[in-house]
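Me: Please take a close look at the salt bridges of this model, and then at the surroundings that go with them. I would like one connected account, with the cut-offs stated.

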Amino acid sequence: MQSQKSSYVCDTIPAARLASSTDLIAMHDPEEPLPEPPSRTPTPVPPRKLCVRHQRMADEGMNLKLQHSLDALPIEEREAVNAVWTNFSQSSHPRRALILQGLLTMCCFSQLSLLTDQLSHLIRIDPFAVLPRELAMTILGHLDATSLCRAAQVSTRWKNLADDDTLWRGICEQHIGQKCRKCGWGLPVLENKRMCYRPQSVSPSPNPPPSIPLPSSTAGPSSPTTSLKRTAESSSELLAPPVKRQRSDDVLPSEPCPSSSNALIAPIVSEPVQPLRRLWKDVYSERLTIERNWRRGRCTVRILKGHTDGVMCLQFNETLSHPAFPVLITGSYDRTIRVWNMETGQELHCLKGHTRAVRALQFDECKLITGSMDNTLKVWDWRRGKCIRTLTGHTEGVVCLNFDSNVLASGSVDSTIKVWNLRTGGAFTLRGHTDWVNAVQLWDSNGKSTPTDFSSLFDGSKSPPPAQSSGSCGPCIDPGKMLFSASDDGTIKLWDLTLRACVRVFTGHVGQVQSMKLLVSEDCSEGDSDSMDVSTPDAKTLSLPVDNAQPSTSSSSSAAVTEVPAKGKKPLLISGSLDNTIRVWDIESGTVTKTLFGHIEGVWGVAADKLRLVSGSHDRTIKVWNREDSKCTATLVGHQAAVSCLALGEDKIVSGSDDNDIRIWSFSE
């Protein structure tokens, strides 16, 4: 029994037959009757055991050509050839090797050439035709996206394996929202891209939905300096529009639609709807195209016209629960706030109420807060275009603001910062800057979600507690709530809102600091490298880095010291100044880690995400920078005056300028 096992190799495919039944009929004399075949009891045919190659030959019918060649020979030669094949087929493995070695010694170069041509094809084997699917998927899992695409072009079997959704999901997780450690490429999250579904039946709702805090997707409002600032009366000094007329198809309509107000009011969805699922390969392909466009500076530009004076602030949001299109809101020196449909360029609302230039704005699901040079802040229902409340307190114009679900902070020409408690209505003032406060940014240094025990005064979802006096804390502002402020005095200050004191001063700029952006550095711990920062409990994991960072021991000239244990990711602060530079600060140490040079005039606005940084300047250009090596990858030219504000999305930049235009630079086409 053991000898039988050792001698067995493979039941090869039978040799070509000597003669078929039709051949016997043709050779028989037609005048004589055919002999009856002897009766035999059919014997069961044992199952054949074939090796991989012979099994493939049996499946693909590769022996047919050989059979035709044998049939063309005379019967005597057929028998001789068949005897050789039969003898070789019945031989053991060592005996086969000996026969082959002898045959090779008898071959001339012509026969050896024939063997070479035949062997180059015969020794090939498709591993995925032999291996189980699980092993094939494991092998393909080690390939990159380019290799998988090439593998899909080999055959239908390879394509079915290489296009497997599990493989492409792993590649997406490796690249989207972060830099791949192997290839160095990172792809945009496109979390803001709207799901491809529509409600089946909707009805108008008389009330807007409750406030859902979302991470801000725009840079803070930009502000000028003493030398470059202009008042509302000096708006006539704006640079003239270009001599050449813009193409009519590049300028989007701005006339409001009669039903635009209803388009913004949130509907009531009567039946749940399921979002359409997409293949992960399509998801990767879409994001790769966008990333390539970013790196090559390829984009399409659309222009929104409507403002009659310089655009000073803007914000857009693509993740609103309603409407089903991205919303852009802009503020201008023409004293108006305009609400736009970003997809069509249609102007939906023109909010009027401020008596001087609108310098700052921020909005969420249900409310919009604007700051103006008329010394006031106004709270709007931007869906209906109505002013809800006017906040007063500053003695001069309001230049910047920032709010979350609990706190509203505003900076003013009067060099002060007012902090409003949205739970109680109380407010207090921070003093320390000696010139205009151009940008403010809230920061929850503990990284904890804001409690929802109290509603915002402006949300209307439920009644807040009675208002407290200005000097009273009421329900205290959450511990760890911090505030950054940038000023024309060239400094950036970090304030502890619980202590109401400055705990750190960042110095380094030699010009007025106009804008800031807070985000999380890539140089973080291993466990935190795959997640992004969020500013609110309702924000999703894949969102633009905004407000979630960790604190450090800080001190100021007033000797006020606060210590909060640093943990998790390292927060970074990016600032733009009229000294023509952009600086990246390490909040824990208070030092400048990078300085970006490139603009030839002052920088009015900066914005950043995990992959890139953008800046708008008085030199009329927008520059796109690589976060890692601080190199400028693209310079966008088109505005005819200073770029006063801008916002960064994952596939677009929206910019406003003193030329009265709003430009949407799209990298997705």
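Reply:
**Salt bridges and their surroundings**

A search of the whole structure finds 17 salt bridges, a salt bridge being a side-chain nitrogen of Lys or Arg within 4 Å of a carboxyl oxygen of Asp or Glu. This is a predicted model, in which local features need pLDDT of at least 70 and side-chain atom pairs count only at pLDDT 80 or more, while totals for chains, interfaces and linings use all residues. Residues are numbered from 1 along each chain as its sequence is written, and side-chain values use heavy atoms, with hydrogens and water left out.

One of these salt bridges links Glu-291 to Arg-295, with N and O 3.2 Å apart. The two residues lie 4 apart in helix 14 (residues 280-296), so about one helical turn separates them; helices (H or I, at least four residues) and strands (E, at least two) are DSSP runs, numbered from the N terminus. Glu-291 is buried at a relative accessible area of 3%, whereas Arg-295 is partly exposed at 34%, where buried means under 20% relative accessible area, exposed over 50% and partly exposed in between (1.4 Å probe, protein chains only).

Asp-364 and Lys-367 also meet through their side chains in a salt bridge, at 2.8 Å from N to O, and both Asp-364 and Lys-367 are buried. Salt bridges that share partners join Lys-159, Asp-163 and Lys-281 into one network. Within it, the closest N and O atoms of Asp-163 and Lys-159 are 2.9 Å apart; Asp-163 is partly exposed, with 25% relative accessibility, and Lys-159 is likewise partly exposed, with a relative accessible area of 40%.

Asp-164 is found in the loop between helix 11 (156-162) and helix 12 (165-175), and Asp-164 is buried, its relative accessible area being 16%. Leaving aside its neighbours within four places in sequence, Asp-164 is in contact (heavy atoms within 4.5 Å) with Arg-133 and Met-137. Between Asp-164 and Leu-140, which are 24 residues apart in sequence, the C-alpha to C-alpha distance is 9.8 Å.

Elsewhere, an open sheet of 4 strands runs in the order 5-6-7-8 with antiparallel pairing, two strands being paired if DSSP finds at least two bridges between them. Strand 5 (311-317) and strand 8 (346-352) stand at the edges, each with a single partner strand, so one side of each has no neighbour in the sheet. Strand 6 (residues 327-332) and strand 7 (residues 336-341) pair in the antiparallel sense over 5 bridges, and Gly-331 has Ile-337 in strand 7 as its bridge partner.
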